Amino acid sequence: MGLHGVKAVFFDLDNTLIDTAAAGRRAIEEVISALQSKHQYGEEEARAICDKVQAKLLKECHDPAKICITDLRISHWEEAIQETIGGEANRDLAAECYYLWKTTRLQHLTLAEDTRAMLTELRKGFRLLLLTNGDRQTQREKIEACACQPYFDAIVVGGEQKEEKPAPSIFHYCCDLLGVQPAECVMVGDSLDTDIQGGLNAGLKATVWLNKAMTTPVDISPVPHYIISSVLDLPAVLQKMEHNINAKLETDHMASSTE
């Protein structure tokens, strides 16, 4: 199955297969608009609230055993409103903002047609697995929203496992699910810290970093095996890998023949 030595491809979800960042920006603009039109906040105040929420999301530490993600994120909005406006905490407004943000973001999470076509084609030759970090509820809702389930042989959510990327254990769990060895797998993702470092930690055959900006820092760390600017460039990378593997096999064969 697949190329010589490569049997499976693991894909990250957020900002790799779907543009979560863009969907998030659309959702924030929707909340800003509602705060202005429905609740008569000034644009500056509305944006300040949303900026504070985004900062809280970036630093978010979630323990599902202690609090559900919904309550935690409503609290982010509640705190941000109070920090910006002062006065009493407004849980109702916070909940309204949260649900508007969440619903809008999910509405804009789509798996592009060309990405669907690529996954369909790749699946003819490889096992495909979706490997995403994050809270179970949040990630499952995203997966449902973008309807990506039919394109994968398995889906693994970090929040449902003992450890998330970049821990080797979650990658090895994925390998076991597909019945493949780490050295037969390729990891594709946009995060150097989780996707690329994780793939390296787990001893995968190759890591492919999706760097949409393609402005690569000089001292890039960790160092991925391949860099692409679009996930649609992946088939070309896999072909290149096949060529390199075949060339090595040929060289090895010739070397053994002359011994």
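Before anything else I wrote down my accessibility classes: buried means under 20% relative accessible area, exposed over 50%, and partly exposed in between (1.4 Å probe, protein chains only). This is a predicted model, in which local features need pLDDT of at least 70 and side-chain atom pairs count only at pLDDT 80 or more, while totals for chains, interfaces and linings use all residues. Residues are numbered from 1 along each chain as its sequence is written, and side-chain values use heavy atoms, with hydrogens and water left out.

Entry: I looked up N15, where phi is near 65 degrees, a positive value in a residue other than glycine. N15 sits in the loop between β1 (8-11) and α1. Why does N15 count as partly exposed? Because its relative accessibility is 22%. A147 also has a positive phi, near 50 degrees, and is not glycine either. I found A147 in the loop between α6 and β3, and at 33% relative accessibility A147 counts as partly exposed.

**Entry: cis bonds.** The peptide bond from K165 to P166 is cis, with omega near 15 degrees; P166 lies in the loop between β3 (154-157) and α7 (168-178). I noted another cis bond from S221 to P222, with omega near -5 degrees. P222 belongs to the loop between β5 (206-210) and β6 (226-228).

**Entry: the whole chain.** I noted nine helices and six strands, taken as DSSP runs numbered from the N terminus (helices H or I, at least four residues; strands E, at least two). The C-alpha trace spans about 85 × 35 × 35 Å along its principal axes. Of the 259 residues, 45% count as buried. With contact meaning heavy atoms within 4.5 Å, I looked at contacts between residues at least 6 apart in sequence: 63% join residues at least 24 apart.

**Entry: the largest pocket.** A pocket here is an open set of points on a 1 Å grid over the protein atoms alone, where a 1.4 Å probe fits, with protein on both sides within 12 Å along at least five of seven lines; lining residues have an atom within 4 Å of a point. Its volume is the space filled by probe spheres set on the points, which are joined across faces, edges and corners. For the largest pocket I have about 1,200 Å³. Of its 35 lining residues, the closest to the centre are D14, L57, R73, R105 and K142. Which helix gives the largest share of the lining? That is α1, with five residues.
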